[in-house]
Amino acid sequence: MTGIHAADESGRPELLAVAPLMPFLMEALRRHYTVHDRIHMSDPAAFAGVAPRIRGIVANGEAKVPRELMAQLPRLEIISVFGVGYDGVDVAAAHERGVPVTNTPEVLNDDVADLAIGLMIAVARRIPQADRFVRANEWPSGPIALSRKVSGSRLGVVGMGRIGQAIAQRAAAFRMEIAYTARSPRANVNYTYYPDAVSLAAVVDFLVVITPGGAATRGMIDARVLRALGPEGYLVNVARGSVVDEPVLIDALRDGVIAGAGLDVFANEPHVPEALRSMPNVVLTPHIGSGTRQTREAMGQLTFDNLRAHFTGAPLLTPVDA
Ligand code: 8YV
């Protein structure tokens, strides 16, 4: 692992890692900070002893950093998230105390967008099923069933932020007709805007979810949206499991309300319902949207650089607003 460097600084601020961090990031952090790895969960007594000295929290996109935890850290100065999503962090509570929260935007746009397109093609062209068909040596007994064309079909993007735009750019190369929904129309994109996911789902073949997680989008993809998407439609989720009503999705997939789904995120990771795991018309991946060495290294560098900026009095690189 190359790339993570920091000026020597006197005194080693103490950090609390609240989630399993990439080994290369943990090693780099430990070269410059005293890192307490998840002791608030593993050893509450020891945690009580160090809590008064903790000046920073390091989290990942899935981690929980509630107000109650922050309340136990009187010297907390910064929360640095290894991830673009930070729906598990009570940002309002942090900002009330003047504690900035940083994340790792931009560096993972390509990977998450690539996986979204990959899942869309995999579920429509039934690539995993075809791979299994060949491996099971079924081909000599005759051709596999025909699948669904992707190029030239209609794509709906739920969430037109940085990653949503990266997905749309890729889909344009597939000559897809692109429409989207978001809290408000985006001035910098010229795709058709729909005010809600139901009206968008009704006019597309593929619906890709790439909104932030959290209360504002919880269960946004519900029975009405899936009915609107229809029996020829496909859902792809590379955002957060919370955005989709998972039991409703399972029923819709089983009952043919929609044709299939490509899912990288789930309601209760890493636990995926058996009903989903046994379905023939889904493609499932274990939250690997940003899961490449190159991207995770860049995320690690940005997580580290935000901490270094804070502890050396430099401007933060990627603070979040709210
Ligand atoms: C995770 C993610 O952070 O960036 C996000 O919001 O969900 C992911 O990149 C990553 O899985 C590390 O745990």
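This is a predicted model: local features need pLDDT of at least 70, side-chain atom pairs count only at pLDDT 80 or more; totals for chains, interfaces and linings use all residues.

I began with Arg38, which I found in the loop between β2 and α2 (39-42). Its phi is positive, about 55°, although Arg38 is not a glycine. I then checked how open the residue is: Arg38 has a relative accessible area of 28%, so I noted it as partly exposed.

His287 gave me a second case, with a positive phi of about 50° although it is not a glycine either. I placed His287 in the loop between β12 (282-284) and α13. Is His287 buried or exposed? At 18% relative accessibility, His287 counts as buried, because the cut-off for that is under 20%.

I also looked at the peptide bond that joins Glu269 and Pro270, and it is cis, with omega at about 5°. Pro270 sits in the loop between β11 (260-263) and α12 (274-277).

**Salt bridges.** How many salt bridges does the model have? I noted a count of 15 salt bridges. As a reminder to myself, side chains of opposite charge can pair when their charged atoms come close.

I looked up Arg154 and Asp205, whose side chains form a salt bridge at 2.8 Å, N to O. Arg154 belongs to strand β6 (residues 154-158) and Asp205 to the loop between α9 (197-201) and β9 (206-209), so this pair ties together parts that are 51 residues apart in sequence. I compared the two ends: Arg154 is partly exposed at 32% relative accessibility, whereas Asp205 is buried at 10%.

My next pair was Arg308 and Asp305, a salt bridge with its closest N and O atoms 3.0 Å apart. Both residues lie in helix α13 (residues 293-311), three residues apart, which I wrote down as about one turn of the helix. An α-helix has 3.6 residues a turn, so residues three or four places apart point the same way. Arg308 is partly exposed, with a relative accessible area of 23%, while Asp305 is buried, with 13%.

I also found Arg224 and Asp222 meeting through their side chains in a salt bridge of 3.9 Å, N to O. Asp222 counts as partly exposed, at 21% relative accessibility. Then I noted a network of salt bridges that links Arg67, Asp90 and Glu96.

**A helix pair.** I turned to helix α6 (residues 109-124) and helix α8 (residues 162-173), whose axes come within 9 Å and cross at roughly 50°. The two helices are therefore oblique to each other, and I recorded their crossing as right-handed. Which residues meet here? From α6 I listed Asn109, Asp110, Val112, Ala113, Asp114, Ala116 and Ile117, and from α8 Arg162, Ile163, Ala166, Ile167, Arg170 and Ala171. I sorted the residues of this contact into eight nonpolar, one polar and four charged.

**A helix with buried residues.** My last stop was helix α1 (residues 23-32), where I found Phe24, Leu25, Met26, Ala28, Leu29 and His32 buried. What do these buried residues of α1 pack against? I traced them to the strands β1 (14-17), β2 (34-37), β3 (54-60) and β4 (78-82), and to α13.

How values were computed
Residues are numbered from 1 along each chain as its sequence is written. Side-chain values use heavy atoms; hydrogens and water are left out. A salt bridge is a side-chain nitrogen of Lys or Arg within 4 Å of a carboxyl oxygen of Asp or Glu. Helices (H or I, at least four residues) and strands (E, at least two) are DSSP runs, numbered from the N terminus. Buried means under 20% relative accessible area, exposed over 50%, partly exposed in between (1.4 Å probe, protein chains only). Axes are lines fitted to C-alpha atoms, for helices over the stretch in contact, and angles run from 0 to 180 degrees between N-to-C directions. Angles under 35 degrees count as roughly parallel, over 145 as roughly antiparallel, 65 to 115 as roughly perpendicular and the rest as oblique. A crossing is left-handed if the near helix is turned anticlockwise from the far one by less than a right angle, and right-handed if clockwise. Contact means heavy atoms within 4.5 Å. Ala, Val, Leu, Ile, Met, Phe, Trp, Tyr, Cys and Pro count as nonpolar, Asp, Glu, Lys and Arg as charged, and the others, Gly among them, as polar.
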